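Student: Please take me through this structure one part at a time, and spell out your terms as you go.

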Amino acid sequence: MEQKPKCTGPRPVIGRVYAESRLRTAGDDMPAHHWHPYHELFYVETGACSYMVENEIYDLQMGDFLLIPPHTFHYTRYRFGPCRRAAVFFREEDVSAPVRQALPGQEAFLGQVRILQTPQTHQARVEALLERMVREDALADRYTAPMLGAMLQELLLACCRVCTVLQEVPDRIHTTDREIVRAARFITEHYAEPITAADIAAAAGFSPNYLSRRFREAAGFGVHEYLTFIRLRSAAHELASTADSVTEVALRCGFSNSNYFKDAFKKQYGCTPRAYRQRAQGEC
């Protein structure tokens, strides 16, 4: 019988689609980073977990898929209590050409790390399909390989139809926590406006105090720190690409106090805004 993927070390080549479902508990982490020469589609059925892919860490919640391309180092940590997760392992050739064409981005979709979020109203359907795949895997008879191949096509197409593909997690925010991502995106879209902590909290559906705590737990820094980071990043771009005064740039990027802007800019970039512009524009 063909060897099924193991849990440690570089995994062997596989000859068909595999599917499994396991309950993990807090501290039941992988012994080390590993990679394998085929794709993995990881799904959180209940609970939550942290997933490190290369140098990025994502907090996955119930209903989240994570697509991991071949030869990509990854590692799972279970820090939040019991977590039931399903995993589907497959090769490029297991996905038919018509299905690849239907994927977002078509052929390029399977070659990158992807996060797909399943709406709660569709989670039962997706999980029923995963459960069928796990049961079929356990049969391991002459029909299993083509059955799982067909189910994989159905799963990928169902994900295309109902899931939200998280194209880009906001800068420095490596979590798929929907409310935290919503707050971070509100900041990146409205940083130039005089927004308050209450405005950001309202966008996430939380009270300001609760968002402050949740945001720091998820991101490792505060809401105000992130807002300042986004504003300073935009200011740095404008300093390098425009001739507007430092004060004009500061005001346009959401800073109401030019002295505070200069101090914050020097702290983040190690030089004054004027020196940064000279260096970026080759004037020194």
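Tutor: One definition comes first: helices (H or I, at least four residues) and strands (E, at least two) are DSSP runs, numbered from the N terminus. Residues are numbered from 1 along each chain as its sequence is written, and side-chain values use heavy atoms, with hydrogens and water left out. This is a predicted model, in which local features need pLDDT of at least 70 and side-chain atom pairs count only at pLDDT 80 or more, while totals for chains, interfaces and linings use all residues.

Student: Okay, how many helices and strands does the secondary structure come to?

Tutor: There are ten helices and nine strands in the protein, and its C-alpha trace spans about 70 × 45 × 35 Å along the principal axes.

Student: And what percentage of the residues is buried?

Tutor: Of the 284 residues, 46% are buried, where buried means under 20% relative accessible area, exposed means over 50%, and partly exposed is in between (1.4 Å probe, protein chains only). The accessible surface comes to about 14,100 Å², and 51% of that belongs to carbon and sulfur atoms; such areas come from the Shrake-Rupley method with a 1.4 Å probe, and for residues only the protein chains shown count as cover.

Student: What share of the contacts joins residues 24 or more positions apart?

Tutor: Among contacts with a separation of 6 or more, such pairs account for 68%, a contact being heavy atoms within 4.5 Å.

Student: Let's move to helix 5. Which of its residues are buried?

Tutor: In helix 5, residues 197–204, the buried ones are Ile-200, Ala-201 and Ala-204. Viewed down the axis of helix 5, they fall within an arc of 100 degrees, so they line one face of the helix; the arc is that of the directions from the helix axis to the C-beta atoms.

Student: Why would residues three or four places apart point the same way?

Tutor: An α-helix has 3.6 residues a turn, so residues three or four places apart point the same way.

Student: What do the buried residues of helix 5 pack against?

Tutor: They pack against helix 4 (178–190), helix 6 and helix 7 (223–241). Just after helix 5 comes Gly-205, which takes a positive phi of about 85 degrees.

Student: Now helix 10: which residues are buried there, and which are exposed on the other side?

Tutor: Pro-273, Tyr-276 and Arg-277 are buried in helix 10, which runs over residues 273–280. These three cover an arc of only 100 degrees around the axis, which puts them on the same side of helix 10. Arg-274 and Arg-279 are exposed on the other side. The buried residues of helix 10 pack against helix 7, helix 8 (246–252) and helix 9 (258–269), and helix 10 is followed by Gly-282, whose phi is positive, near 70 degrees.

Student: Which residues other than glycine have a positive phi, then?

Tutor: His-71 has a phi near 60 degrees, and Gln-106 has one near 55 degrees. For background, most residues other than glycine have a negative phi. His-71 sits in the loop between strand 5 (64–68) and strand 6 (74–77), and at a relative accessible area of 52% it is exposed. Gln-106 lies in the loop between helix 1 and strand 8 (114–117), and Gln-106 counts as partly exposed at 40% relative accessibility.

Student: Where is Arg-100, and what is it in contact with?

Tutor: Arg-100 is in helix 1, residues 97–102, and counts as buried at 17% relative accessibility. Leaving aside neighbours within four places in sequence, Arg-100 is in contact with Glu-92, Val-95, Gln-106, Glu-107 and Leu-110.

Student: Switching topic, which side chain does a polar contact join to that of Ser-50?

Tutor: That of Asp-59, at 2.8 Å. A polar contact is a pair of N or O atoms within 3.5 Å; within protein, one must be able to donate a hydrogen and the other to accept it, and residues adjacent in sequence count only if both atoms are side-chain atoms. Ser-50 is found in strand 3, residues 48–53, and is buried, with a relative accessible area of 4%.

Student: And Arg-216, where is its place, and which side chain does a polar contact join to it?

Tutor: Arg-216 is in helix 6, residues 208–219, and its side chain is joined to that of Glu-225 by a polar contact of 3.0 Å. At 43% relative accessibility, Arg-216 counts as partly exposed, and, not counting residues up to four places away in sequence, Arg-216 touches Phe-221, Gly-222 and Glu-225.
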